[in-house]
Amino acid sequence: MKRPVASLGVIVLAAGRGTRMRSERAKVLHTIAGKALVLWVLDVAFELAPERVAVVVGQDADEVRDVCERHLRSRALDPAPRTAVVYPLQREQHGTGDAVRVALPAFAGFSGDVVILYGDVPRLTAGTVATLVARHRETQATLSLLTATVAEPAGYGRIRRAADGSVTGIVEERDLAAAERGIREVNPGIYCTSAAFLDAALARITNDNAQREYYLTDLVGIAVGDGQRVTAVAVDDCDEVAGINSRAELAAVESQVRRALVTRWMEAGVTIHDPATTYVEEGVTIGADTELGPNVQLLGRTRIGRRCRLDGTILLRDAEIGDGVHLRLGTVMTECRVGDDAVIGPFAHLRPGTELAAEVHIGNFVETKKARVGRGTKANHLTYLGDVEIGDATNVGAGTITCNYDGFAKHRTVIGSRVQIGSDTQLVAPVTVGDDAYIGAGTTVTRDVPAGHLVVSRVPQREVPGWVARRRARATTNAASPAAKKPEITLAPSSTAGSVVATPRKAQRKTPTRKNAAAKTVQRSSPRPARATSARRGKR
Ligand code: UD1
Ligand code: CA
């Protein structure tokens with residue numbers, strides 16, 4: 001493919017509302033595979049190595065400009081001092097001709113070729129535009145345009161040709177004469193011309209048409225009328241020049257793009273079991289011999305290493321995954337880093353700031369956030385790890401929770417290496433647990449634990465012999481005489497500071513001490529007083 005070498009300017013039209021989208025957002029901000037429509041076109045513009053670029057903005061102007069600038073910064077598309085992009089503002093959208101007029105001051109004195117692209121044609125490739133520019137130069141035309149012959153011309157301007165086959169003009173769909181409805185050659189809306197011609201010709205167009213707009217397409221008729229050379233270049237791949245005007249067209253193009261992206265990864269050595277349900281956004285990379293199950297969404301800047309296994313039903317956004325990682329069913333990650341050979345899931349939620357070293361295991365129903373976890377550490381079941389740093393080879397037992405929030409601020413938990421954290425442990429941050437410490441199951445850690453210590457905080461266990469039999473007997477008695485059913489229950493403080501137990505009101509006054517109550521209950525055949533108290537204890 002011959003690429004242009006002489007100076008080139010590009011105008012991207014992105015000011016329109018996109019009425020047919022029925023959206024509050026400008027059409028060009030709608031996305032395909034996670035990338036705004038206008039950015040697909042902007043990338044094409046930059047591939048042409050232009051000297052000047054103008055993106056005409058209007059609807060949601062600030063946002064369109066921000067989206068473009070952020071994209072250009074993030075991609076550093078042009079390693080040399082980047083071609084500055086200007087964003088002329090089209091305050092009111094009076095049509096594509098008016099939009100180009102707004103862009104012209106940016107090309108004052110510019111003697112190169114000017115390419116015009118519409119911001120709603122995302123599948124366009126730079127190669128096709130380069131062909132147009134090359135043909136424009138070869139034929140020394142005043143104006144050149146692409147054309148496409150399509151099965152469904154609805155929505156497009158149609159190409160008018162004379163008997164000798166030469167192009168004479170473009171007629172918009174709404175202005176078509178009955179005899180022209182059969183024309184299937186359409187205008188994709190990609191042109192090459194000069195700033196001088198645009199300047200002179202745009203002054204002559206009117207809005208005397210069905211939409212009362214200034215049509216850029218009228219330039220073709222003007223050039224032909226003036227006896228200027230107009231070159232039409234037919235494209236082979238009509239899909240490439242499809243414009244998006246509605247949500248249905250957006251979806252149709254998105255599925256084509258998605259399919260193309262997925263095919264590209266299969267060609268690069270990735271196994272994709274169900275391409276139809278695999279979504280890989282444009283900025284994603286995947287290493288060879290990685291295997292993707294069904295329902296996988298890889299979004300944003302996600303990078304996946306080699307030989308990984310993603311079982312399925314997985315959503316990763318801006319995640320960096322090493323080599324040989326196994327992501328089991330139902331893993332969700334945002335802004336995370338995962339080291340080689342880690343195993344995650346099923347049903348794990350890794351939130352921003354999660355950094356897992358190699359060989360970490362994160363199991364089912366585990367949530368992490370701002371968690372730096374060392375090599376080989378495991379948290380396999382039902383755990384919350386937030387604002388935490390954990391060393392290597394530590395084992396986090398089932399139901400461990402870092403209590404990182406006190407209602408005012410977030411606090412950090414620091415856990416050393418080779419620590420054994422028993423099940424149902426709460427770590428009340430800020431707190432530090434030294435290397436090799438053991439935390440007994442059910443412990444609430446509120447103070448720092450030195451290295452090598454055992455820490456345990458548990459209510460001592462009691463057993464109440466015969467309690468079940470008595471409780472059942474009472475239930476049977478109550479069922480036989482309904483009047484005795486359901487004693488009124490109130491909450492009374494128990495002997496243990498800080499906790500409350502349910503106590504029958506009539507027993508309240510004579511509630512004995514905790515120790516006595518249990519002793520008496522054990523001896524008594526009738527379970528009347530203090531029975532709820534002992535019931536509570538029986539449960540522990
Ligand atoms: C346009 C062409 C039509 C062509 C089709 C190809 C005209 C008059 N018609 O029609 O011949 O077949 O594209 O897709 O050019 N825009 C502005 N300012 C405006 C109006 C539009 O910046 O005042 C921008 C839009 O944001 C959009 C692009 O120009 O990115 C095209 O506008 P749109 O309204 O979609 O034109 P079509 O009706 O599709
Ligand atoms: Ca359009």
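Tyr118 places a polar side-chain atom 2.6 Å from an oxygen atom of ligand 1. This distance, like the others below, comes from a predicted model. Two further side chains make polar contacts of this kind with the ligand. Arg20 has a polar side-chain atom 3.1 Å from an oxygen atom of ligand 1, and for Asp120 the separation between a side-chain N or O atom and a ligand oxygen is 3.0 Å. Ligand 1 on its own would expose 760 Å², of which the protein buries 92%.

The wider surroundings of the ligand can be described next. Ligand 1 is surrounded by 23 residues. Tyr118 belongs to the closest of these, together with Gln90, Thr96, Glu172 and Asn187. Among the elements that build the shell are strand E1 (8–14) and helix H3 (96–103), each supplying at least two residues. The space that ligand 1 takes up is the largest pocket.

Away from the ligand, some details of the backbone deserve attention. Most peptide bonds are trans, and most residues other than glycine have a negative phi. Against that background, the bond from Gly345 to Pro346 is cis, with omega near 0°. Pro346 sits in the loop that runs between strand E25 (343–344) and strand E26 (348–350). A cis peptide bond also links Ala429 to Pro430, again with omega about 0°. Here the proline is in the loop between strand E34 (426–428) and strand E35 (431–433).

How far can the model be read? The mean pLDDT of the protein is 90, and 87% of the residues reach 70 or more. Over residues 492–540, however, the pLDDT is below 50. In the model this stretch has 66 contacts beyond near neighbours in sequence. Where pLDDT is low, predicted coordinates should not be read in detail.

Note on methods:
Residues are numbered from 1 along each chain as its sequence is written. Chains are lettered from A and ligands numbered from 1 in the order in which they are written. This is a predicted model: local features need pLDDT of at least 70, side-chain atom pairs count only at pLDDT 80 or more; totals for chains, interfaces and linings use all residues. Side-chain values use heavy atoms; hydrogens and water are left out. pLDDT is the predictor's confidence in each residue, from 0 to 100. Contact means heavy atoms within 4.5 Å. A residue is near a molecule or strand if one of its heavy atoms lies within 4 Å of it. A polar contact is a pair of N or O atoms within 3.5 Å; within protein, one must be able to donate a hydrogen and the other to accept it, and residues adjacent in sequence count only if both atoms are side-chain atoms. Accessible areas come from the Shrake-Rupley method with a 1.4 Å probe; for residues, only the protein chains shown count as cover. On a 1 Å grid over the protein atoms alone, a cavity is a set of points where a 1.4 Å probe fits but cannot get out, and a pocket is an open set with protein on both sides within 12 Å along at least five of seven lines; lining residues have an atom within 4 Å of a point. A molecule sits in a cavity or pocket if more than half of its atoms lie within 2 Å of its grid points. Helices (H or I, at least four residues) and strands (E, at least two) are DSSP runs, numbered from the N terminus.
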